[in-house]
Amino acid sequence: GDLQAMRSIITCLFAVTAGVAMVATSAGAAETQDDLREMREMVLQLQDRLEAQQQQIDSQETVIKEAGLEDERGSESALSSFLESTDFSGWVAASYFWNFNNPRNPQSGGNAAISNPFHQDHNSFQFDEAWFVMSRSPTEESPAGFEFEVTYGATASALAETNNGSRGGSGNANGNDIWVVKANVQYMTPWGQTVTAGKFGTLIGYEVAGAPSNVNITRGFAYNNFQPFSQTGVLVGQTFDNGITYTVGAVNGLANEQFDTNMSKGFMWQVG
């Protein structure tokens, strides 16, 4: 672009030089003729320098292509574009918990694994969760998107499919589990609906696993023992200009497991 601009300037200088030369000839000014001759030489020198720079640029581009660096520059540009259009967020939560119904006392009749899988240890400090979120929301201009959320810590040990907290299982109960909360792709249709396919947070219930988003430090008995936390399937939803939203979906049953245990599907809906 700069070289083209310089060419345009040089062309204009040639035109100006010729025009002034005609005026000078008609006026018969010898000194002006000398000045114009010097100006013409300067313009020719600029043109030679410009051509030399163009040859150097062409040579450098040839070296870049032969070395395969052009593809690397394209890859860096694609990576930069991806990072600019992707949202990253997360949090870290820790707690100290005191259970007045000490689950370590056999006379208490308590069972922390059932009543409170998020804080099973009485009178203890705990690393609750390190939560990481990476997402790209679909838009009309760029209709494809995705969601990926993962957490590590006591929350993952309580809710991961390998453990399921109070529901038993073969997972760890020491806060060293990793739980994939969401992993899905999204697409916005030309009519405004967003289709989500993969693993996503359930539409059922009010309480959530993420510490900053939950209304209380603890969670209710129904959340800990009955409702699912995340499900695998397909959702279709839409948000209208007046704020009303709806979502309908089909999932592999109501449980958290990704696999389909009985070949049937669970259907759910939500209006807000």
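## Overall architecture

The chain contains six helices and eight strands; both are DSSP runs numbered from the N terminus, with helices (H or I) of at least four residues and strands (E) of at least two. Along the sequence, these elements follow the pattern α-α-α-β-α-β-β-α-β-β-α-β-β-β. Of the 272 residues of the chain, 31% count as buried, where buried means under 20% relative accessible area, exposed means over 50%, and partly exposed lies in between (1.4 Å probe, protein chains only).

The model is predicted, and local features need pLDDT of at least 70, side-chain atom pairs count only at pLDDT 80 or more, and totals for chains, interfaces and linings use all residues. Residues are numbered from 1 along each chain as its sequence is written, and side-chain values use heavy atoms, with hydrogens and water left out.

## Aromatic pairs between strands

A search of the whole structure finds eight aromatic pairs. Rings of Phe, Tyr and Trp (its six-membered ring) pair if their centres lie within 6.5 Å; planes under 30 degrees apart count as stacked, over 60 as edge-to-face and the rest as tilted. One of the pairs joins Phe88 and Phe132, which are tilted, at 6.4 Å centre to centre and 35° between the planes. This pair links distant parts of the chain, with Phe88 in strand β1 (residues 87–97) and Phe132 in strand β2 (residues 124–136), 44 residues apart. Phe88 counts as partly exposed at 42% relative accessibility, and Phe132 counts as partly exposed at 35%.

Tyr96 and Phe125 have ring centres 5.0 Å apart and planes at 50°, so this pair is tilted. Because Tyr96 lies in strand β1 and Phe125 in strand β2, the pair ties together parts that are 29 residues apart in sequence. Tyr96 counts as partly exposed, at 42% relative accessibility, whereas Phe125 is exposed, with a relative accessible area of 73%.

A nonpolar core is a set of buried Ala, Val, Leu, Ile, Met, Phe, Trp, Tyr and Cys residues joined through side-chain atoms within 4.5 Å. The largest nonpolar core has 12 residues, among them Trp131, Val133, Trp179 and Val181. Strand β2, helix α5 (154–159) and strand β4 each supply at least two residues of this core, and α5 gives the most, with three residues. A second, separate core of five residues includes Leu203, Leu235, Val251 and Met268.

Phe118, Tyr223 and Phe229 belong to the largest core, and these three residues form one aromatic cluster. The charged end of Arg219 sits over the ring of Phe118, 4.1 Å from its centre; this requires NZ of Lys or CZ of Arg within 6 Å of the ring centre and within 35 degrees of the ring normal.

## The largest pocket

About 830 Å³ of space lies in the largest pocket. Of the 37 residues that line this pocket, the closest to its centre are Glu147, Lys182, Gly201, Thr202 and Leu203. On a 1 Å grid over the protein atoms alone, a pocket is an open set of points where a 1.4 Å probe fits, with protein on both sides within 12 Å along at least five of seven lines; lining residues have an atom within 4 Å of a point.

Strands β3 (144–152), β4 (178–188), β5 (194–201), β6 (230–239) and β7 (245–251) each supply at least two residues of the lining. By class, the lining has 17 nonpolar, 16 polar and four charged residues; Asp, Glu, Lys and Arg count as charged, and Gly is among the polar residues.

Definitions and conventions: Grid points are joined across faces, edges and corners, and a volume is the space filled by probe spheres set on the points.
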